[in-house]
Amino acid sequence: MALLFLSPDDPADLWRAELQARMPGLDVRIWPQVGDPAEIDIALVWRPPPGELARYPNLRAILSLAAGTDGLVADPDLPDVPIARMVDPSLTRTMTEYVLLAVLRHHREFDCFERAQRAREWAYAFPPQAADRRVGIMGLGELGSAAARALVAQGFQVLGWSRTPKMLDGVLSYPGRSELHAFLHRTDILVCLLPLTADTVGILDAAIFAELPHGACVINVARGQHLVEGDLLQALDSGHLGGATLDVFREEPLPQGSPLWDHPKVRVTPHVASYSVPSTAADGVAANIRRVSAGEPLLHQVDRVRGY
Ligand SMILES: NC(=O)c1ccc[n+]([C@@H]2O[C@H](COP(=O)([O-])OP(=O)(O)OC[C@H]3O[C@@H](n4cnc5c(N)ncnc54)[C@H](OP(=O)(O)O)[C@@H]3O)[C@@H](O)[C@H]2O)c1
């Protein structure tokens with residue numbers, strides 16, 4: 001079994017070592033030193049150049065190093081083989097940490113204290129208790145449901161919007177477009193953890209922001225293309241929205257000239273909300289390689305029609 005490893009951002013040698021520790025005979029070829037493309041059975045990838053995967057005529061599966069596979073399914077030349085997305089405890093834990101941190105920052109109104117510190121002001125402010133703060137999560141999948149559980153444990157009121165109904169302890173489920181209005185009206189801090197699909201592209205726009213209560217905050221940790229940046233800036237500048245934490249952007253790296261960099265109500269991080277480490281993520285990848293070898297369906301297989 002020969003595996004192509006292709007990622008500009010992941011530690012290739014570490015991945016090879018972790019995979020071979022689990023599967024000693026595995027032939028791992030690190031792009032671009034691939035040898036004969038016809039020998040490649042499986043591709044383990046993050047952001048391959050468009051058209052690249054079409055070069056491997058005997059490819060049997062594509063395993064994504066990321067949870068979101070929007071970049072892959074957008075490739076018109078992608079071979080018609082099963083795709084699995086990344087599901088991994090380290091990815092889930094780091095996303096949960098990030099969401100907790102960002103929600104707590106907005107909840108405890110740290111922007112105000114940082115402004116006061118810069119002005120050398122001793123400014124008292126006592127935000128509502130967590131039980132009186134409503135956090136709405138768009139997307140209650142692997143990552144959204146873990147973040148929801150952590151927020152429930154902190155005592156927040158937690159709501160979740162998803163395509164299908166969910167039963168999660170302490171989380172109010174709002175399924176489908178028909179429930180979006182009610183969900184938004186009851187959300188003080190909005191967290192986007194949706195996959196990027198034809199249904200969700202540009203979803204964080206002026207119409208959505210207008211439905212949120214005055215002073216609400218927005219956290220986007222999903223994909224930059226979910227957000228209409230101009231609409232966000234307008235809603236922040238008008239005073240309707242209280243703040244935003246953004247980890248992902250339409251253009252990455254965020255261009256030097258973007259007004260988001262120094263907007264007083266915006267916190268920017270460089271697409272680091274969550275990350276997986278090979279020492280844990282290799283378990284799931286090895287399990288899927290064995291499944292390909294046995295002719296079994298992949299774990300966490302992407303539904304190409306649904307887009308995630
Ligand atoms: N910033 C980062 O570092 C980073 C890292 C990892 C992932 N991400 C992003 O996070 C996303 C979510 O990852 P995940 O593993 O949690 O995905 P997932 O397990 O596939 O969950 C997706 C969730 O979104 C819901 N959903 C999809 N389309 C919808 C629609 N049209 N309307 C309402 N709900 C919809 C799904 O509803 P159903 O359950 O009802 O189908 C599901 O609850 C990824 O796709 C990626 O874009 C970002």
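**View 1. F126 is exposed in this predicted model, with a relative accessible area of 73%.** Here exposed means over 50% relative accessible area, buried under 20%, and partly exposed in between, with a 1.4 Å probe and protein chains only. F126 is found in the loop between α4 (110-118) and β6 (134-138), where helices (H or I, at least four residues) and strands (E, at least two) are DSSP runs numbered from the N terminus. Because the model is predicted, local features need pLDDT of at least 70 and side-chain atom pairs count only at pLDDT 80 or more, whereas totals for chains, interfaces and linings use all residues. Residues are numbered from 1 along each chain as its sequence is written, and side-chain values use heavy atoms, with hydrogens and water left out.

**View 2. R120 has a positive phi in the loop between α4 and β6.** The phi of R120 is about 55 degrees, although this residue is not a glycine. R120 also counts as exposed, because its relative accessibility is 81%.

**View 3. R47 has a positive phi in the loop between β3 and β4.** R47 is not a glycine, yet its phi is about 50 degrees. With a relative accessible area of 46%, R47 is classed as partly exposed.

**View 4. A cis peptide bond joins W31 and P32.** The omega of this bond is about 5 degrees, and P32 is found in the loop that runs between β2 (27-30) and β3 (42-45).

**View 5. The peptide bond from E252 to P253 is cis.** Its omega is near -5 degrees, and P253 has its place in the loop between β11 (241-246) and β12 (266-268).

**View 6. L63 is buried in strand β4.** The strand spans residues 61-64, and L63 is called buried because its relative accessible area is 3%. Although L63 and H300 are 237 residues apart in sequence, their C-alpha atoms are 9.7 Å apart in space.
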